Amino acid sequence: MAAPLMKSVSGIRGIVGSSFTPDLIVKTGEAFAAWLKRGKVVVGRDSRPTGETVARCLESVLAMAGCDVVDVGIVPTPTVQLMVEELSAAGGIVISASHNPIEWNAFKLIGPSGSFLNQKEIQSFFKLMELPGKYAPWDRMGALSKHEGAGDVHIGRVLAVVDAGAIRRRSFTVALDSVNGAGSVITPALLERLGCRVAPVHCTMDGAFPRGAEPVPENLSDLANVVMRNSCHVGFAQDPDADRLAIVDENGRPIGEENTIALVTRHLLGKEVGRVVVNLSTTKAVEEIARKYGAPFTRTKVGEINVADEMRRRGARIGGEGNGGVISPEVHLGRDSLAGIVYVLEMMAETGKSVSELVAELPQFHMIKGKSKIGKLPRGDAFKAMLKEKFKGERISDIDGIRIDFTRHPEFGGGWVHLRASNTEPIFRIIAEGGDEKQAKKIYTHFVSMMRLMR
Ligand code: MG
């Protein structure tokens with residue numbers, strides 16, 4: 001079977017050498033230059049071993065198509081987004097397949113606002129990929145340059161949104177697992193600026209991912225051990241492009257990715273109430289927190305740009321995704337693990353509470369995230385229609401797959417399920433959440449067997 005090439009609002013992802021080829025790099029460069037109508041382009045990458053080779057090819061194409069290229073090196077995805085804004089560039093490209101395995105690489109495309117291209121924009125970009133490229137004459141090619149200071153710009157931005165003095169006074173000991181990815185250098189530098197003692201785990205920026213790339217609990221045992229060994233106040237884990245953040249408490253227990261956005265939402269609403277925007281797959285804990293503070297609450301389709309666009313439109317206070325994606329408009333409208341880290345440290349400093357104490361105060365839910373090899377909803381719209389009929393009277397959203405919030409169901413009440421095709425992998429996601437593990441399991445198994453019957 002041919003290797004898959006995934007094209008969506010999350011960018012273009014493929015396996016290097018089979019679906020991610022020089023031909024694809026050239027087409028991407030040509031189309032992006034045309035989409036931006038030339039201008040300055042910021043290019044950054046994660047630490048994957050294929051990154052530099054891909055970058056050189058892409059940057060040459062962009063320059064030959066008339067764009068000035070600023071290479072910011074190996075940096076987190078949010079750093080590239082920030083630099084587009086900072087340098088008033090026409091756009092940017094991140095070369096990173098985020099949490100996909102090492103053989104993958106990808107392009108994430110950033111528009112002039114510093115946010116990813118939205119659905120409409122990416123569709124117009126994909127159309128341009130079908131057309132022949134247009135190049136500049138030899139004397140009007142763009143310039144290639146490097147910018148070494150992107151990390152400092154990013155650190156400066158996140159330090160400016162918290163009480164850094166309060167954090168410094170606590171002299172926290174912090175373990176950090178950057179999965180040898182793009183967060184490996186910038187994050188310890190940030191923590192040191194906040195007076196933290198850093199116990200590094202997998203912070204060698206060589207891209208050899210020593211654990212599963214996603215910062216999910218089963219991948220965080222090394223971090224948990226270091227937290228325990230060094231009596232750390234907290235452990236932080238990132239994904240390879242450092243847009244997602246997971247947390248391990250002072251007892252070495254991963255608190256679950258969903259609780260990252262729940263903690264930060266609670267912290268920020270406690271300072272000032274404003275709208276909260278999260279995607280359809282995010283824990284109900286965030287919804288409960290918003291309700292408690294009287295904050296307006298909106299859910300969007302999955303995909304960072306869908307959340308960020310809605311946040312911009314509605315002037316949101318805080319938003320994000322349950323996979324550890326914190327989006328703070330105070331910093332930038334993109335998922336940013338560094339922003340998440342400074343808010344959590346500020347919360348610890350200001351409350352004087354431990355991470356486990358703070359987590360115990362959150363609304364408690366249990367989530368099961370599963371995947372199926374089917375790439376789309378079995379029988380598509382017919383399945384959706386059947387579910388709508390069967391669960392009539394429940395709260396149903398069909399803007400992205402289908403999500404059902406059970407309000408009256410005798411067994412599932414208070415829980416929910418979300419069934420949707422992934423944007424980034426050729427799989428189908430099944431997410432169920434309940435008030436406890438038993439209820440979450442009941443909901444999950446019910447829908448898995450229902451999907452099996454429909455195949
Ligand atoms: Mg990522």
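Into which domains is the protein chain divided?

**View 1. Domain layout of the chain.** This is a predicted model. Domain 1 covers 6-149, domain 2 covers 171-360 and domain 3 covers 366-454. The views below stay with domain 2 and domain 3. Their centres, taken over C-alpha atoms, lie 26 Å apart.

**View 2. The contact between domain 2 and domain 3.** Domain 2 brings 15 residues into contact. Domain 3 answers with 14. About 1,100 Å² is buried between domain 2 and domain 3. Carbon and sulfur atoms give 46% of that area. On the domain 2 side, Leu280, Ser281 and Lys284 supply 47% of the area buried against domain 3. No other three residues of domain 2 supply more.

View 3. Glu257 forms a salt bridge with Lys369. In the Glu257–Lys369 pair, the closest N and O atoms are 3.7 Å apart; the cut-off for a salt bridge is 4 Å. Polar contacts between domain 2 and domain 3 involve 8 residue pairs, with both residues at pLDDT 80 or more.

**View 4. The side of domain 2 that touches domain 3.** Which elements each supply at least two residues of this side? They are the helix α10 (284-293) and the strand β13 (297-300). By residue class, this side of domain 2 holds 7 polar, 6 charged and 2 nonpolar residues.

Methods: Residues are numbered from 1 along each chain as its sequence is written. This is a predicted model: local features need pLDDT of at least 70, side-chain atom pairs count only at pLDDT 80 or more; totals for chains, interfaces and linings use all residues. Side-chain values use heavy atoms; hydrogens and water are left out. Domain bounds come from an automatic or database domain assignment. Contact means heavy atoms within 4.5 Å. Buried area is the accessible area (1.4 Å probe) that two parts lose on being put together, summed over both. A salt bridge is a side-chain nitrogen of Lys or Arg within 4 Å of a carboxyl oxygen of Asp or Glu. A polar contact is a pair of N or O atoms within 3.5 Å; within protein, one must be able to donate a hydrogen and the other to accept it, and residues adjacent in sequence count only if both atoms are side-chain atoms. Helices (H or I, at least four residues) and strands (E, at least two) are DSSP runs, numbered from the N terminus. Ala, Val, Leu, Ile, Met, Phe, Trp, Tyr, Cys and Pro count as nonpolar, Asp, Glu, Lys and Arg as charged, and the others, Gly among them, as polar.
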